[in-house]
Amino acid sequence: MCGIVGVVSNAPVNQLIYDALLLLQHRGQDAAGIVTQQERKFFMHKAKGMVRDVFRTRNMRSLPGNCGLGQVRYPTAGNAFSEEEAQPFYVNAPFGIVLVHNGNLTNAHALKAELFSTDHRHINTESDSEVLLNVLAHEIGETTRGLPLTPHDVFEAVRKVHRRLRGSYAVIALIAGHGVLAFRDPFGIRPLCMGVADGTVMLASESVAMEGTNHKFDRNIQPGEAVFIDLQGQVHAQQCADHPVLNPCIFEFVYLARPDSVMDNISVYQARLNLGETLAKRVISTVPPSEIDVVIPIPESSRPSAAQLAQLLGLPYREGFVKNRYVGRTFIMPGQSVRKKSVRQKLNVIASEFKGRNVLLVDDSIVRGTTSKEIVQMARDAGANKVYMASAAPPVRYPNVYGIDMPTSGELVAHDRTVEQIRQIIGCDALIYQDVDGMKKAIGSLNANIKGFDASCFDGVYVTGDITLDDIERLNANRVDGDDTLEDNSRLALPNHED
């Protein structure tokens with residue numbers, strides 16, 4: 001997953017893009033980059049690290065111009081440790097194009113071969129985003145054939161791009177001397193929206209980037225739609241997909257997005273409240289509320305669901321865990337053994353909320369199960385009488401291929417296991433999961449125009465309809481490799497949405 005932003009303005013945009021990236025930091029903490037354009041020249045700075053660390057005053061001064069792009073990266077394919085794979089990516093012909101991308105191309109390997117053998121373009125990294133940029137550049141070149149670029153040419157090129165790409169992609173590209181182009185895959189899997197202010201048009205992954213920079217949310221980019229903003233700020237838009245259908249990623253609403261965002265006309269916060277409401281019904285059928293003394297969320301995304309569940313069951317809602325927001329690197333000195341960070345370094349318990357009580361812990365989802373197991377033990381060590389665990393999402397049983405860093409099937413605690421087997425692994429006294437249909441109804445009820453979701457990590461149905469077991473194995477082989485010298489990269493290790 002990544003966060004992307006693009007701006008066309010009548011004033012310098014470097015600070016605006018920086019501020020927007022801070023608001024999207026939850027979508028990626030591995031690397032950050034900004035590119036701006038002045039006259040026909042691009043100015044770029046990108047590096048590994050958080051936004052606040054990548055950009056210093058000297059870097060910001062070297063980013064002049066009234067239009068530009070930015071990205072925060074959380075890698076799901078390629079090399080997480082390569083500075084070269086930080087975005088934006090640049091290609092010099094035709095016109096000069098820079099691009100940022102959120103998503104994952106499932107046919108990147110085939111496209112890379114085509115680009116070499118047919119399009120005669122060179123790919124220098126393992127990133128599918130560089131592949132996407134070169135496909136776009138090739139199609140723009142084929143469409144214009146040396147003539148001046150028009151919005152019609154841009155849309156015709158995107159139409160051809162849609163026919164070649166498979167997978168998920170929300171894209172923002174800057175074409176030197178012409179303007180900013182944005183488009184979304186025909187299924188609308190990854191989010192993209194547009195906002196406006198006096199003299200400025202902004203495109204971004206989430207609405208919070210607009211609201212936090214004093215822009216008015218205008219609308220979502222539709223599945224398959226392309227939007228081209230010329231350097232005068234005029235917006236051109238056209239549907240470029242043959243059969244677009246809105247199937248947004250449901251995991252955005254479960255966990256990825258900030259709660260104060262609205263995505264595809266659905267409030268993320270309200271979606272999580274709804275998940276808590278449906279989860280409450282599941283809890284009642286498993287554990288009588290009279291046997292629960294307190295409801296405690298596992299910070300942070302589960303808080304709305306846990307609060308709604310507690311209210312409906314008439315139970316006290318308490319904060320029982322405090323998150324350490326400043327967990328740093330684990331440094332390995334010569335001769336030392338590898339030491340991964342424990343969950344106990346990221347969370348601390350408030351023992352008084354557990355001692356002698358039957359507690360219901362609520363999490364947004366359970367992926368590997370290792371974190372849940374340790375948290376259950378922490379609750380027991382703090383004196384809990386019984387520890388029940390509830391997940392606002394269904395069991396995560398399948399890998400994700402559309403741009404979420406989901407483990408392989410063998411690493412998923414729910415893969416090929418019953419709920420009882422999972423409960424035994426985690427060590428809780430009862431385990432309650434959301435069901436898939438309940439999750440879809442809880443979130444889908446907030447926008448009647450959405451007929452379905454990509455919920456592939458829960459139900460194994462890949463909405464693009466072209467994913468085989470061989471594809472999954474190949475994509476897993478290209479996943480970003482972990483580094484045993486680094487701390488556990490679990491969700492609890494990531495900077496929090498609500499910090």
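This report describes a sheet and several salt bridges in a predicted model.

## Basis of the values

In this predicted model, local features need pLDDT of at least 70 and side-chain atom pairs count only at pLDDT 80 or more, while totals for chains, interfaces and linings use all residues. Residues are numbered from 1 along each chain as its sequence is written, and side-chain values use heavy atoms, with hydrogens and water left out.

## The open sheet

Seven strands form an open sheet in the order S3-S2-S4-S1-S10-S9-S11, with antiparallel pairing; strands (E, at least two residues) and helices (H or I, at least four) are DSSP runs numbered from the N terminus, and two strands pair if DSSP finds at least two bridges between them. Strand S3 (41-48) and strand S11 (216-220) each have a single partner strand and stand at the edges, so one side of each lacks a neighbour in the sheet.

Within the sheet, strand S1 (residues 2-9) runs antiparallel to strand S4 (residues 67-73) and is joined to it by 7 bridges, with Gly6 opposite Leu69 in S4.

## Salt bridges

The whole structure holds 28 salt bridges, each defined as a side-chain nitrogen of Lys or Arg within 4 Å of a carboxyl oxygen of Asp or Glu. One of them joins Glu139 and Arg164 at 2.9 Å, N to O; because Glu139 lies in helix H5 and Arg164 in helix H6 (residues 151-164), the pair ties together parts that are 25 residues apart in sequence. Glu139 is buried, with a relative accessible area of 8%, and Arg164 also counts as buried at 16% (buried is under 20%, exposed over 50%, partly exposed in between, with a 1.4 Å probe and protein chains only).

Arg423 and Glu420 meet in a salt bridge at 2.8 Å, N to O, and both lie in helix H12 (residues 419-426), 3 residues apart.
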